[in-house]
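Please take a look first, and then we can walk through it together.

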Amino acid sequence: MSARILVVEDEDRIREFINRGLTYEGYRVDAAPDGQTGLDMARENPPDLVLLDIMLPGIDGLEVCRRIRSVSDVPILMLTAKETIEDRVTGLDAGADDYLVKPFAFDELMARVRALLRRSQPVKPQVYRFADLELDTGTRQGTRNGRIFDLTAKEYELLELFMRHPRQVLTREVIFDHVWDYDFGGESNIIEVYVRYLRQKTEIDGQSRLIHTVRGIGYVLREE
Ligand code: CA
């Protein structure tokens with residue numbers, strides 16, 4: 001079951017932007033336009049993570065944060081238009097786990113969301129399957145044609161991204177943002193290098209290629 005995320009944001013445009021993006025990523029989303037609605041939703045359907053705007057009509061985000069924190073350890077990511085140190089400290093004092101300054105890119109938000117969810121919930125292991133390739137999220141090992149292979153941390157993240165989006169062309173930007181997060185600086189051929197590692201591991205007995213290059217765009221997991 002995917003994580004449930006509560007979004008409390010009064011600006012329709014931003015709330016919809018976050019809602020659409022998170023839904024696309026496979027999360028279950030509850031969206032509230034004000035603090036009281038957000039508190040009610042949190043009580044009815046306890047979320048796995050809360051995205052909380054600070055400036056809200058009525059009960060503001062800091063108060064919502066304190067009230068949620070008084071009854072729950074759920075990770076809370078504050079969204080703020082302000083970027084002074086004091087606001088950050090106030091938010092963290094109110095019990096927030098992290099904060100993000102507006103305007104932000106969606107991938108930046110996703111990086112924070114994934115990090116907070118990873119910290120808070122050991123996700124139930126599952127096995128992704130594509131053709132004769134398997135990836136176990138518990139052991140973080142792959143299997144091709146019955147042969148098990150180990151993966152480094154980045155190889156695992158990259159292969160998981162492919163396995164979660166089979167037959168879908170992933171652009172270099174998407175891969176970069178998902179696997180290396182937004183704070184990895186500079187131009188590099190790191191994606192090519194890691195794709196090569198994955199090909200070596202998944203084609204060890206001369207099996208057919210599954211990770212294909214889409215020239216000028218990116219890569220795709222598919223059968224020939
Ligand atoms: Ca606001």
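At what angle do the axes of helix α6 and helix α7 cross, and within what distance do they come? The axes of α6 (residues 153-164) and α7 (residues 172-180) cross at roughly 130° and come within 9 Å. Axes here are lines fitted to C-alpha atoms, for helices over the stretch in contact, and angles run from 0 to 180 degrees between N-to-C directions.

## About the model

This is a predicted model, in which local features need pLDDT of at least 70 and side-chain atom pairs count only at pLDDT 80 or more, while totals for chains, interfaces and linings use all residues. Residues are numbered from 1 along each chain as its sequence is written, and side-chain values use heavy atoms, with hydrogens and water left out.

## The chain as a whole

The protein chain has eight helices and 12 strands. Helices (H or I, at least four residues) and strands (E, at least two) are DSSP runs, numbered from the N terminus. Taken along the principal axes, the C-alpha atoms of the protein chain fill a box of roughly 65 × 35 × 25 Å.

Of the 224 residues in the protein chain, 46% count as buried. Buried means under 20% relative accessible area, exposed means over 50%, and partly exposed lies in between (1.4 Å probe, protein chains only). Among contacts in the protein chain with a separation of 6 or more, 56% come from residues 24 or more positions apart; contact means heavy atoms within 4.5 Å.

## The calcium site

Which residues coordinate the calcium ion? They are D10 and D53, each through OD, and M55 through O, at 2.1 to 2.3 Å. Donors are N, O and S atoms within 2.8 Å of the metal (3.2 Å for Na, K and Ca), and since water is not among the atoms, sites may look incomplete.

Along the sequence, the donor residues follow the spacing D-x42-D-x1-M. One of the donors, D53, has a relative accessibility of 3%, so D53 counts as buried.

Angles under 35 degrees count as roughly parallel, over 145 as roughly antiparallel, 65 to 115 as roughly perpendicular and the rest as oblique. The crossing of α6 and α7 is right-handed; a crossing is left-handed if the near helix is turned anticlockwise from the far one by less than a right angle, and right-handed if clockwise. On the α6 side the contact is made by K154, E157, L158, L161, F162 and R164, and on the α7 side by I175, H178, V179 and W180. By class, this contact has six nonpolar, one polar and three charged residues. Ala, Val, Leu, Ile, Met, Phe, Trp, Tyr, Cys and Pro count as nonpolar, Asp, Glu, Lys and Arg as charged, and the others, Gly among them, as polar.

Helix α1 packs against α5 at an angle of about 60°, their axes lying 11 Å apart, which makes α1 oblique to α5. The crossing of α1 and α5 is right-handed. Here F17, I18, G21 and L22 of α1 meet F106, L109 and M110 of α5, giving six nonpolar, one polar and no charged residues. Helices α2 (residues 35-44) and α3 (residues 61-71) pack at about 15° with axes 10 Å apart, so α2 is roughly parallel to α3. In this pair, G35, Q36 and L39 of α2 meet V64, R67 and I68 of α3.

## Loops worth a look

Y27 sits in the loop between α1 (12-24) and β2 (28-32). Is Y27 buried or exposed? Y27 is buried, because its relative accessible area is 16%. Leaving aside neighbours within four places in sequence, Y27 is in contact with S2, A3, I5, L22, M110, V113, R114 and L117.

Most residues other than glycine have a negative phi, and most peptide bonds are trans. A cis peptide bond joins K102 and P103, with omega about -5°, and P103 belongs to the loop between β5 (98-101) and α5 (106-120). R140, not a glycine, has a positive phi of about 60° and lies in the loop between β7 (133-136) and β8 (141-144). N145, also not a glycine, has a positive phi of about 55° and is found in the loop between β8 and β9 (147-149). R140 is partly exposed at 38% relative accessible area, and N145 is exposed at 52%.
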